[in-house]
Amino acid sequence: MYFHDAETLERNKLEDLQVERLKETIGLAANSPYYSELFKKNNISADSIKTIDDVKKLPFTTKEDLRSQYPYGLLTRSLDDFVRLHASSGTTGTPTAVFYTQKDLDTWADLMARSMYAVGLRKSDVLQNMSGYGLFTGGLGIHYGSERLGCLTVPAGAGNTKRQIKLIRDYSVTALHIIPSFALYFAAKVRDEGFDPADMPWNVALIGAEPHTEHTRRKIEEMLCIKAYNSYGLSEMNGPGVAFECKEQDGMHVWEDSFIAEIIDPETGEHVEDGQIGELVMTTLTREGMPIIRYRTRDLTRFIPGQCKCGRTSRRIDRIMGRADDMLILKGVNIYPMQIEKIIMGIPEVGENYLIELVKEGLMDQIKIKVEIKEEHFVEDMRALQGIQKKIASMLRDEILITPRVELVQHNSIPKTEGKAVRVVDLRGDED
Ligand code: ADP
Ligand code: ZN
């Protein structure tokens, strides 16, 4: 029950394939202005690679390198050979652009189709793509993968919940592609519109593009009466379809015949021990137009040791904890937004959304967390609400070691951004 033979290749065969493709990739990359110079400087050629471990000899490529080469510095061919470009959403600064030849688009669509197949989708499914189209890869990337699998594909785009619901009902949509933060909002909206999610035609949601916790996934599953599968990707590695959960929901399989994944200590650049958390580094193995070598994703995760019950032999990464850049340092303590989400979304009274605000109180930095509370609790008396507030603050204290200010707010009162959720706002500069 696999889409492609590569999914179950024995490890040594898979590694042989990776070595072969890495050599090819180095050969191709040497045609780009950026890598040709870098390889010359560091005396690197395809011959530098004998075993998969030799990938460590290659230099890293960072987001800054891509920016400095914007837009064409990594292209291996003349512009005539390219048929599409995408650009990252620029969450952390200036965007970077990625270019695809027709062959690159075909490879990507195959990987996407494989990912969807792994969670049980088949050509009889009807998939509604609820992420924004345009430069963001979650639109066209998912779209072409779904068509490649043979699913009837509804290119709904982002937003407009009422219309989304109508399309889903009219066309008996069985699968959704939806960003997790929007999924929670959408689930609440479906109920507000008077529909019972259990009566909706959907079975499967593909959720990805932004960090979210296991609690959030479970909440999405319960609220929508759906099975939700985590999907990881980034524009620099095509977009979605880099690593995907299978039906076991126990980590995301990296499609290792197309990518080399490494996890390094972000300080030293050395590989961490298996199972330890570090920064994910990715190399393309099947991209001809714009290969990227040892890309520092800034995403923090770990390899899940052992083999998956599904029989696929590729390694799995754990859900992304966040980006290295997301780390907040407050009162000398390092805090990741996902630590906060992990606690908040596990509390039964909490609704669908939250926002972390960094504020100044006097001279001190303080962390304030706005938490939407389910409607039925908002009508409770003051004392009950204070009880909830205290509970959240003390549970957060146990996790992040400082006591945040917690403000309970009403269902739907935190503005919902289209696309990736903004979880943290820094209001410290505004006060003086
Ligand atoms: P940008 O870097 O501007 O957001 P992309 O659209 O390429 O541009 O987004 C890729 C990033 O999105 C990844 O590096 C990662 O931080 C995040 N991301 C994608 N999928 C997931 C996921 N399933 N879980 C957590 N984070 C994810
Ligand atoms: Zn599996």
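Predicted model: local features only at pLDDT ≥ 70, side-chain atom pairs only at ≥ 80, totals over all residues.
**Stop 1: the zinc ion**

Start by selecting the zinc ion (ligand 2), then show the side chains around it. Which protein atoms are its donors? They are the SG atoms of C246, C308 and C310, together with NE2 of H253. These donors lie 2.1 to 2.3 Å from the zinc ion. Turn the view slowly and look at how the donors are arranged: the angles among the 4 donor atoms are 102 to 116°, and the site is tetrahedral.

Now look at where the donor residues fall in the sequence. Their spacing reads C-x6-H-x54-C-x1-C. Select C246 and you will find yourself in the loop between β8 (239-245) and β9 (252-254). Select C308 and you are in the loop between β13 (303-304) and β14 (316-317), so this pair ties together parts that are 62 residues apart in sequence.

Are these cysteines buried or exposed? C246 is buried, with a relative accessible area of 1%. C308 is buried as well, at 7%, and C310 also counts as buried, at 17%.

A disulfide is a covalent bond between the sulfur atoms of two cysteines. How many does a search of the whole structure find? The search finds 0 disulfides.

**Stop 2: E288**

Next, select E288 in the loop between β11 (278-284) and β12 (295-301). E288 is buried, with a relative accessible area of 14%. Show the side chain of T101 too: the side chains of E288 and T101 make a polar contact at 2.7 Å. Leaving aside residues up to four places away in sequence, E288 touches L28, T76, R77, T101, K103 and D104.

**Stop 3**

Finally, switch to a cartoon view and select residues 350-361, which form strand β18, and residues 364-373, which form strand β19. In which sense do these two strands pair? They are antiparallel, with 9 bridges between them. For one bridge, pick V359, whose partner in β19 is Q366.

Follow the chain around the hairpin of β18 and β19, where 2 residues sit between the strands. Here G362 takes a positive phi near 65°.

How values were computed:
Residues numbered from 1 in each chain as written. Chains lettered and ligands numbered in written order. Heavy atoms only, no water. Donors = N, O, S within 2.8 Å, 3.2 Å for Na, K, Ca; no water. Tetrahedral: all angles 85-135°; square planar, octahedral: opposite > 155°, others 65-115°. Helix = DSSP H or I, 4+ residues; strand = E, 2+ residues; numbered from the N terminus. Buried < 20%, exposed > 50% of the residue type's maximum accessible area, 1.4 Å probe, protein only. Polar contact = N/O pair within 3.5 Å; in protein donor to acceptor, adjacent residues only side chain to side chain. Contact = heavy atoms within 4.5 Å. Disulfide = S-S within 2.5 Å. Pairing = 2+ DSSP bridges.
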